[in-house]
Amino acid sequence: MDPQTHSHSQTQTLGFSNSEGCEIDTAERISCGLRLWIHLSQMEMGQMSKMGQMETMDVVPLRADIAPEPVKKKNLRLPIARRGLGTKGQKIPLLTNHFKVNVTNSNKEEHFFHYSVLVTYEDGRPLDGKGAGRRIIDRVHETYNSELGGKDFAYDGEKSLFTVGSLPRNKLEFSVVLEDTPSNRNNGSINADGDGSPNESDRKRLRRPGRTKTFNVEISYAAKIPMKAIGEALRGQESENSQEALRVLDIILRQHASKQGCLLVRQSFFHNDPKSFVDVGGGVLGCRGFHSSFRTTQGGLSLNIDVSTTMIIQPGPVVDFLISSQNVRDPFSLDWTKAKRTLKNLRVKTSPTNLEYKITGLSERPCKEQLFTLRNKNAKDGEDGEIEVTVYDYFVNHRNIPLRYSGDLPCINVGKPKRPTYIPLELCELVSLQRYTKALSTLQRSSLVEKSRQKPQERMSILSNALKINNYDGEPMLRACGVSIGNSFTQVDGRVLPAPKLKVGNGDDFFPRNGRWNFNNKKLVKPTKIERWVVVNFSARCDLKALVRDLIKCGDMKGIAIDPPFDVFEENPQSRRAPPMVRVERMFEDIQSKLPGQPQFILCLLPERKNSALYGPWKRKNLAEYGIVTQCIAPTRVNDQYLTNVLLKINAKLGGLNSLLAVEFSPSIPVVSKAPTIILGMDVSHGSPGQSDIPSIAAVVSSRHWPLISRYRASVRTQSPKVEMIDSLFKRVSDTEDDGIMRELLLDFYTSSGKRKPDQIIIFRDGVSESQFNQVLNIELDQIIEACKFLDESWCPKFVVIIAQKNHHTKFFQPQSPDNVPPGTIIDNRICHPKNNDFYLCAQAGMIGTTRPTHYHVLLDDVGFSADDLQELVHSLSYVYQRSTTAISVVAPICYAHLAATQMSQFVKFEDASETSSSHGGTTSAGAVPVPQLPRLKENVANSMFFC
């Protein structure tokens, strides 16, 4: 049955209560919806007629796409203020990587002056070279210092420039001359002028300086920002001015790093120091640098400094990079079509001239065969003034540069398509600090994680050194602002929340220790029964009999009754080389021919542990076409721990529960157990970097079977690429039909929770930055409210909206201890937001490296949680993750949303454009291209924890 049809028909059998507690049947609810729609339409028409009276000259009717007046006047929701601090837990003194910022009061009447910068070529064309702006503005500063009143600049590298105090005039125009960018220079290389002939005199060009270009620079006044705004930030008073002032300070730090020759990536900077490079394979290096940003906190203004890593191309000989990139033994085994794509737009330095160029392509023929026309200066009368030579011959015989291996390989082209400039491969070296922006492979990622780990004390030592090396006190712009930065870590008071008590099988209580527990000699709290099941093996090497025997035995110990499998299906060896879809189809044909009916569960063995091409087609076939629960494994070492972990996932998928919070069992969760409460986890997964046209995947999971908070189901949809706000929470198809995510989840909560509507909706949202908080509050929340009203016009649930951020740079350390902070450590003072309601939580035990806390922002709380109750709820939700026996770093609903999005994105292998697109993935605006939809899951698995 089509899920859309199903959810509609399901509503007809469900009653939704109105505020008096009477049940509203479907027909009445539809008529309520129509009445509301007519009422809104009449209001809209009234507004239009009023507007018509006010603007009698304008008789053009309003277009349908123009928002009516009331929408414009809608009060925007803003993040709520902190209502109080938490008190529960054992107090613990901590240090954090925030450094106090001090400002002298001598300049509080001064202003930052903001100027807009326009750089054009001599003919008026706007500057297009990325990174050239800084060189040009530096030259303006050198050449016209007196005209600029001797002022120092803070320049953002693009269109904004800041000074302390004003420049002599509001509009200034300058002309500066720079040597041509190296990629257009041609000292000592071959430049074929369309017909293949080089420039007139190669040797003369060696002696001539590079060509020059003239640039026009226009600097015009835009705004001024009072310097006292920094003082306001120091006192924890946030305003628009203080945010702008902090932006200027951040730009000063970026410029400071730029002058030291660093690679800048947003608010991080990376020095060209080989000691900071780690090889992750495939010609890619991890480059360690530093993040720095000014933050307003309860304790005033601080500078947050942390270790940061970006990926760069392996510098050095181009041939070495290509061999690593393609994992081949020598340059003669390289795939040159792939090499051409990989090298495009990378920068190389050539020897012996030491000049820098941008790669535009490769020659079509090997160096020994690639001809071009050379002008023969020594030609005598009657002799041809042009001779045909190969690139190899030119460099070896005319330039006397020996070539060891380039003769049989293509040349690097650094010219233009119609005017190629060829250089032999071995004379080219890749310049350092060139970003690698494609997605890392699984192996590269694990290598990076392993090589980038730093114990807490090691990280503290590196950060202290970074502060000394950067010498911010020597930065003239910071001195002009009266800003100085302390050199000691900020002290904060943390609290360690006790781990929640868990319930396991036979009603036993269990207390996690150090954020961990296990099921040794224990049964699961609600084990399932596995009856009609089969094993499928896609050519994985494994002792299947032993695996099945041990799985049944392990299940018995955990309370899961597992019947012997109906059959074991081995893949036909002839199918191994077939495409993944074909292999899956053949396996299902085999299953159907031998089974009397559909199995309840399939255990599937895959040959590869990660990124198996069979995974997506297999999951899609089972979940979307047949509605069969399936567990994929790729066993390497099978032991009791491995089998227990597999059984935890199978049990959750089949409707069982592994453990429960004792407060769920009672039920006695503060606030949540008192009124029907649904908990949502929301996340959006985007395509890898460089995949600008791959749809984003939005996933929302919701709790079910209230008063439990350990059971969830998911709804997943595609949306426009790179769009972060979820646009399908409410999707009105007609006056009576909503095909959005929320309807599906709310109806499921209603049916699974004893026909109760949620009075309280708690939303956990992942993956959004501070700049998007208002969109979550005013775009996504509005859709959720609309979905509620569409089901029952009189229904007004209370909302709590919490953002979870992992991608930040605040870390905590125990003074005089090599250990990470203990699990359950929470911080809501000193370095949190001066006004808004936020806190940091390290729920997990940090076993490796330095623990990364999750930063929770409470944007809305209609329910009125106390600080302690809300913090305890968030902490408890790190202990309900059914896949593991450890506290996890972020609440389980968010982890489940991420899992659901990742798994269903495998269903449809969207066309991968990353190889042919530029190395920087573009952003596509919402609705630009029709987005292919994901298949809907069969009803019996849609309500399950299929994503576990």
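User: Which residues are buried in helix 8 (residues 318-326)?

Analyst: Please note that this is a predicted model. As a general idea, an α-helix has 3.6 residues a turn, so residues three or four places apart point the same way. In helix 8, the buried residues are V318, V319, F321, L322, I323 and Q326.

User: What do the buried residues of helix 8 pack against?

Analyst: Their partners include helix 9 (336-343). Several strands also take part, namely strand 13 (300-313), strand 14 (316-317), strand 15 (347-350), strand 20 (410-413) and strand 22 (428-430). After helix 8 comes N327, which has a positive phi near 55°.

User: At what angle do helix 19 and helix 20 pack?

Analyst: Two packed helices are described by the angle between their axes and the distance between the axes. For helix 19 (residues 741-752) and helix 20 (residues 773-791), the angle is about 55° and the axes lie 9 Å apart. Helix 19 is therefore oblique to helix 20. The crossing is right-handed.

User: Which residues of helix 19 and helix 20 meet?

Analyst: Helix 19 contributes M742, R743, L746 and L747, while helix 20 contributes I784, A787, C788, F790 and L791. Of the residues in this contact, eight are nonpolar, none is polar and one is charged.

User: How many disulfides are counted?

Analyst: A disulfide is a covalent bond between the sulfur atoms of two cysteines. With a cut-off of 2.5 Å between the sulfur atoms, the count is zero.

How values were computed:
Residues numbered from 1 in each chain as written. Predicted model: local features only at pLDDT ≥ 70, side-chain atom pairs only at ≥ 80, totals over all residues. Heavy atoms only, no water. Axes fitted to C-alpha atoms, helices over the stretch in contact; angles between N-to-C directions. Helix = DSSP H or I, 4+ residues; strand = E, 2+ residues; numbered from the N terminus. Parallel < 35°, antiparallel > 145°, perpendicular 65-115°, else oblique. Left-handed = near helix turned anticlockwise from the far one by under 90°. Contact = heavy atoms within 4.5 Å. Nonpolar A, V, L, I, M, F, W, Y, C, P; charged D, E, K, R; others polar. Buried < 20%, exposed > 50% of the residue type's maximum accessible area, 1.4 Å probe, protein only.
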